[in-house]
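Please keep the sequence and the structure open while reading.

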Amino acid sequence: MANPDPITPITRNPAGPLVILAALGTGSLLTLMLLSNSTMAAHTSALYSSFAAHGVGSVVAAFALLALWRLRGTQKDRTVLRRHAPLWAYLGGISGALTVVATSLAANSELALTGTLALGIVGQMALALIFDATGAMGIERRLPSGRQLLSLAAIVVGTLLIIFSRGMS
Amino acid sequence: MLVMIALALAGGMLVALSRQINGRLALQTTALQSSFWNHVVGLAVLTIVVLGAGSFWPEGAATAPFIAWIGGAVGVAFVGLGSWLIPRLGAAMTGGLLVAGQMLSGVALDLLRGEDAVLWMQLGGVALILAGVALSRR
């Protein structure tokens, strides 16, 4: 966690409007993904829904990689030869898979889906701030500005309002 | 109850953790490769869990509609883009803006489908999120 192996930071235009729009668009993909995965969960179970999504995702990603390699085929002379990534960097999928187990257990308790989502947002943002402050996993260390903290606070409070707007009616 | 609260918090922390690790892999490979490994490794873990407690073709899988099967394909793009974003925005702003995009589109979907929710809370939430997004610009 303590930044053992820092990697060249990407500092060009850190929060330009295009990157922000890309992030918002990516977030809206999550709405589509949850709509699909919750449909599967309703037909089977939360665990099976995640299993199926990872299976389909593995196949789709493999085809996308193959297609890219075929397209690029000959021009393998990538100028920047980066060092090999450490083994642990390949294991992000473990925590992704365990997320389902943790959240589906919590959602079936008194917390219900609303409480689980709300606490999940808090947990995610708290750890993300710690990661930024420590430069965890070799990603550039950065301290959020006062303006960014205000931005994050507004987003988190707005998100909690929306989550509870569903749970209260 | 405390255990459940801890589990719910851990659920969110695991999201931040996997995004950070995948982002690191993307820095040394590509965003698409990080998404590929995320899905393959996750599938291996879930295969073990399903072996222990579940079925590979449960009742209901056969009758699930097409839309139930596309989540994984969307997830490939979601994880890849997240890995691309995290070195650019940092973990906190990436997480915040992803949640913002999810909530704005989620409220739009809820309103379209006429889901039951407290309107003033939804609109207040949207206003706060839009303000937060506006503030995120440097």
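Which side chains of chain A and chain B meet in a salt bridge? They are A:Arg166 and B:Asp110, with N and O 2.6 Å apart. The model is a predicted one. The points below start with the interface as a whole and then go to single residues.

**Interface between chain B and chain A**

- On the chain B side, 109 residues are in contact with 107 residues of chain A.
- Interface size is often expressed as the accessible area that is lost when the parts come together.
- Here the area buried between chain B and chain A is about 9900 Å², and carbon and sulfur atoms give 75% of that area.
- Polar contacts across the interface come to 21 residue pairs, with both residues at pLDDT 80 or more.
- Four helices of chain B, namely α1 (2-28), α2 (31-52), α3 (71-113) and α4 (119-136), each supply at least two residues of the side that touches chain A.
- The most comes from α3(B), which gives 35 residues to that side.
- By residue class, the side of chain B that touches chain A has 67 nonpolar, 33 polar and nine charged residues.
- Between chain B and chain A the count of salt bridges is one.

**Salt bridges**

- Side chains of opposite charge can pair when their charged atoms come close.
- Over all chains, the structure has three salt bridges.
- The pair B:Asp110 and A:Arg166 has an N to O distance of 2.6 Å.
- B:Asp110 lies in helix α3 of chain B and A:Arg166 in helix α5 (residues 146-167) of chain A, so this pair joins two chains.
- B:Asp110 is buried, with a relative accessible area of 10%, whereas A:Arg166 is partly exposed at 33%.
- In chain A, A:Glu140 forms a salt bridge with A:Arg142, and their closest N and O atoms are 3.5 Å apart.
- A:Glu140 has a relative accessible area of 25% and is partly exposed, while A:Arg142, at 15%, is buried.
- In chain B, B:Glu115 forms a salt bridge with B:Arg113, with the closest N and O atoms 3.3 Å apart.
- B:Glu115 is partly exposed at 40% relative accessible area, and B:Arg113 is partly exposed at 49%.

**Aromatic pairs**

- The distance of the centres and the angle of the planes describe a pair of aromatic rings.
- The structure holds five aromatic pairs over all chains.
- One of them is A:Tyr48 with A:Phe51, a tilted pair with 5.7 Å from centre to centre and 45° between the planes.
- A:Tyr48 and A:Phe51 are about one helical turn apart, because they are three residues apart in helix α2 (residues 46-72) of chain A.
- A:Tyr48 and A:Phe51 are both buried.
- The rings of B:Phe36 and B:Trp37 have planes at 75° and centres 5.3 Å apart, so this pair is edge-to-face.
- B:Phe36 is buried at 17% relative accessibility, because the cut-off for buried is under 20%.
- B:Trp37, at 32% relative accessibility, is partly exposed.
- Ring pairs also link A:Tyr48 and A:Phe51 with B:Phe56 in a cluster, and this cluster has residues from chain A and chain B.

Terms used. Residues are numbered from 1 along each chain as its sequence is written. Chains are lettered from A and ligands numbered from 1 in the order in which they are written. This is a predicted model: local features need pLDDT of at least 70, side-chain atom pairs count only at pLDDT 80 or more; totals for chains, interfaces and linings use all residues. Side-chain values use heavy atoms; hydrogens and water are left out. Contact means heavy atoms within 4.5 Å. Buried area is the accessible area (1.4 Å probe) that two parts lose on being put together, summed over both. A salt bridge is a side-chain nitrogen of Lys or Arg within 4 Å of a carboxyl oxygen of Asp or Glu. A polar contact is a pair of N or O atoms within 3.5 Å; within protein, one must be able to donate a hydrogen and the other to accept it, and residues adjacent in sequence count only if both atoms are side-chain atoms. Ala, Val, Leu, Ile, Met, Phe, Trp, Tyr, Cys and Pro count as nonpolar, Asp, Glu, Lys and Arg as charged, and the others, Gly among them, as polar. Rings of Phe, Tyr and Trp (its six-membered ring) pair if their centres lie within 6.5 Å; planes under 30 degrees apart count as stacked, over 60 as edge-to-face and the rest as tilted. Buried means under 20% relative accessible area, exposed over 50%, partly exposed in between (1.4 Å probe, protein chains only).
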